[in-house]
Amino acid sequence: MNAYDEYMKGIVKPMREELVGAGFSELTTAEQAKETMDSLDGTAIIVINSVCGCAAGLARPAVREALEAADHRPDHLLTVFAGQDKEATDVMRSFFPEVPPSSPSIAFWKDRKLAYFIPREQIENFEMEQIKEHISGVLHQLASE
């Protein structure tokens, strides 16, 4: 591992832990992502994490708060880290090819397919509370279908 990779690993550690500490399973390899998605039953929220400011100040806090307030949490909480775990992120994105890649972003999975997607464009330039409400609304809808 070169000095840059080592530096970035240290920088993103707390960004990873923010979701893992909230109960997310982090998929760091292509194999983990493929095996997990191939066998995934039920509902899931999948966060494509990122080092950018809108991930730190908006996406991760909004996801955590929406889940804390949710009456019905998804069966699975998953995350991949764009720009850090490239192969895992590429495999994850291959499960919803109809959506252009963006990070951060939030995918909602139900019945073995993409049920809803919140791209970066619906995260950056919004207030954290608006994103939280967006996520909460999607979670409520998925639970009531």
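A: Helices here are DSSP runs of H or I with at least four residues, and strands are DSSP runs of E with at least two, both numbered from the N terminus. The model is a predicted one, in which local features need pLDDT of at least 70 and side-chain atom pairs count only at pLDDT 80 or more, while totals for chains, interfaces and linings use all residues. Residues are numbered from 1 along each chain as its sequence is written, and side-chain values use heavy atoms, with hydrogens and water left out.

Q: OK, where is Lys-132?

A: Lys-132 sits in helix 5.

Q: And is Lys-132 buried or exposed?

A: Lys-132 is buried, with a relative accessible area of 15%, where buried means under 20%, exposed over 50% and partly exposed in between, using a 1.4 Å probe and protein chains only.

Q: What is Lys-132 in contact with, leaving aside its neighbours within four places in sequence?

A: With those neighbours set aside, Lys-132 is in contact with Ala-62, Glu-65 and Ala-66, contact being heavy atoms within 4.5 Å.

Q: How do helix 3 and helix 5 pack, then?

A: Helix 3, residues 53-69, packs against helix 5, residues 128-144, at an angle of about 45° and with the axes 8 Å apart; the axes are lines fitted to C-alpha atoms, for helices over the stretch in contact, and the angles run from 0 to 180 degrees between N-to-C directions. Helix 3 and helix 5 are therefore oblique to each other, given that angles under 35 degrees count as roughly parallel, over 145 as roughly antiparallel, 65 to 115 as roughly perpendicular and the rest as oblique.

Q: Which residues meet there, in helix 3 and helix 5?

A: On the helix 3 side they include Gly-57, Leu-58, Pro-61 and Ala-62, and on the helix 5 side they include Met-128, Ile-131, Lys-132 and Ile-135.

Q: What about helix 2 and helix 4, at what angle do their axes cross?

A: The axes of helix 2, residues 30-38, and helix 4 cross at roughly 25° and come within 7 Å, and the two helices are therefore roughly parallel to each other. Ala-30, Ala-33, Lys-34 and Met-37 of helix 2 meet Glu-87, Ala-88, Val-91 and Met-92 of helix 4.

Q: Changing topic, how many aromatic pairs does the structure hold?

A: There are three aromatic pairs, where rings of Phe, Tyr and Trp (its six-membered ring) pair if their centres lie within 6.5 Å, and planes under 30 degrees apart count as stacked, over 60 as edge-to-face and the rest as tilted. In one of them, the rings of Phe-95 and Trp-109 have centres 6.2 Å apart and planes at 80°, so that pair is edge-to-face. Phe-95 lies in the loop between helix 4 (86-94) and strand 4 (105-110) and Trp-109 in strand 4, so the pair ties together parts that are 14 residues apart in sequence.

Q: And how accessible are Phe-95 and Trp-109?

A: Phe-95 counts as partly exposed at 22% relative accessibility, whereas Trp-109 is buried at 4%. Another edge-to-face pair joins Phe-108 and Tyr-116, with 6.0 Å centre to centre and 65° between the planes; Phe-108 is buried at 0%, and Tyr-116 is partly exposed at 33%.
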